[in-house]
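Visitor: I would like to learn how to read a few features of a model. Please take them one at a time.

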Amino acid sequence: MINIALPKGRLGEKVYGLFEKAGYEFEGVREAGRRLVFMNEELDMRCFWVKPFDVPVYVERGVADIGAAGKDILMEKNPDVYELLDLNVGKCRMSVAGLEYGDRYGNGNRTLRVATEFPNIARDYYSKLGREIDIITLRGSLELAPVLGLSDVIVDIVETGRTLRENNLMVIDTIAELSARLIANKSAFKFKSEKINEIIRRLRLID
């Protein structure tokens, strides 16, 4: 059996749409309700919904053979998995942003205050720049941090940039281009390579 971990939410719905087009359908997935696990007995496959940040955990631990995770999560958690395919959905950017008319770079003589949900990504980015930072970990509404003086900048996902503009913030730098990626457990990829490679082949054929 092939076990697939899908991220809950809008990204997961887009990814499941790709699986449907590739011929992998699971009865009941699109029905409203609280079910989390779905079977396709004919294909000997099972899929289940988990929180986006947990997808790499299920795959790395072998509960899922494959899964779909955002590149941001893979960069942040650095799981021991194979990254097999860019699914080209959920496209956005990991960016540094700050006040349009504020001190976006901070005074070089003091530590730069960085608010983010992605401390490892932020730390790695500024380490390469040789810049000392104070990471302030927040969960949501990061735009408030520089507006209210909690931080100098934020490191966050930017899709359209509308929320930044409405709060007088601007993108200073783009750290990485993001999208959903198909990942695999290393052991599963070795022992179930034929089935997993067939899934990859079908997904690649989607227009």
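Guide: Start with a hairpin: strand 2 and strand 3 form one, with four residues between them. In its turn, Asp44 has a positive phi of about 55 degrees. The model is predicted, so local features need pLDDT of at least 70 and side-chain atom pairs count only at pLDDT 80 or more, while totals for chains, interfaces and linings use all residues. Residues are numbered from 1 along each chain as its sequence is written, and side-chain values use heavy atoms, with hydrogens and water left out.

Visitor: What counts as a strand, and when do two of them pair?

Guide: Strands (E, at least two residues) and helices (H or I, at least four) are DSSP runs, numbered from the N terminus. Two strands pair if DSSP finds at least two bridges between them. Here strand 2 and strand 3 run antiparallel and are joined by four bridges. Asn40 has Met45 as its bridge partner in strand 3, and Met39 stands opposite Arg46.

Visitor: How many bridges join strand 1 to strand 3?

Guide: Six, and these two strands run parallel. Arg46 in strand 3 is also the bridge partner of Asn3.

Visitor: In which order do the six strands of the open sheet lie?

Guide: The order is 2-3-1-4-11-5, and the pairing is mixed. Strand 2 and strand 5 (82-86) are the edge strands, each pairing on one side only. From one strand to the next the twist averages 25 degrees, taken between N-to-C directions on a 0 to 180 degree scale, with axes fitted to C-alpha atoms (for helices, over the stretch in contact).

Visitor: Is strand 3 mostly covered or uncovered?

Guide: Mostly covered: five of its six residues are buried. Buried means under 20% relative accessible area, exposed over 50%, and partly exposed in between, with a 1.4 Å probe and protein chains only.

Visitor: How are aromatic pairs read?

Guide: A pair of aromatic rings is described by the distance of the centres and the angle of the planes. Rings of Phe, Tyr and Trp (its six-membered ring) pair if their centres lie within 6.5 Å; planes under 30 degrees apart are stacked, over 60 edge-to-face, and the rest tilted. The structure holds six such pairs. In one of them, Tyr16 and Phe26 have ring centres 6.5 Å apart and planes at 50 degrees, so the pair is tilted. Tyr16 lies in helix 1 and Phe26 in the loop between helix 1 and strand 2 (37-40), ten residues apart. Both Tyr16 and Phe26 are buried. Phe48 and Tyr58 form another tilted pair, 5.8 Å centre to centre with 55 degrees between the planes. This pair links strand 3 (residues 45-50) to helix 2 (residues 55-60). Phe48 counts as buried at 9% relative accessibility, whereas Tyr58, at 32%, counts as partly exposed.

Visitor: What is the volume of the largest pocket?

Guide: About 520 Å³. On a 1 Å grid over the protein atoms alone, a pocket is an open set of points with protein on both sides within 12 Å along at least five of seven lines, and lining residues have an atom within 4 Å of a point. Points are joined across faces, edges and corners, and the volume is the space filled by probe spheres set on them. Of the 21 lining residues, Arg10, Leu11, Asp72, Cys92 and Ile157 are the closest to the centre. Helix 1 (10-21) and helix 3 (71-77) each supply at least two lining residues.

Conventions
1 Å grid on protein atoms, 1.4 Å probe; cavity = no way out; pocket = protein on both sides within 12 Å on 5 of 7 lines; lining within 4 Å.
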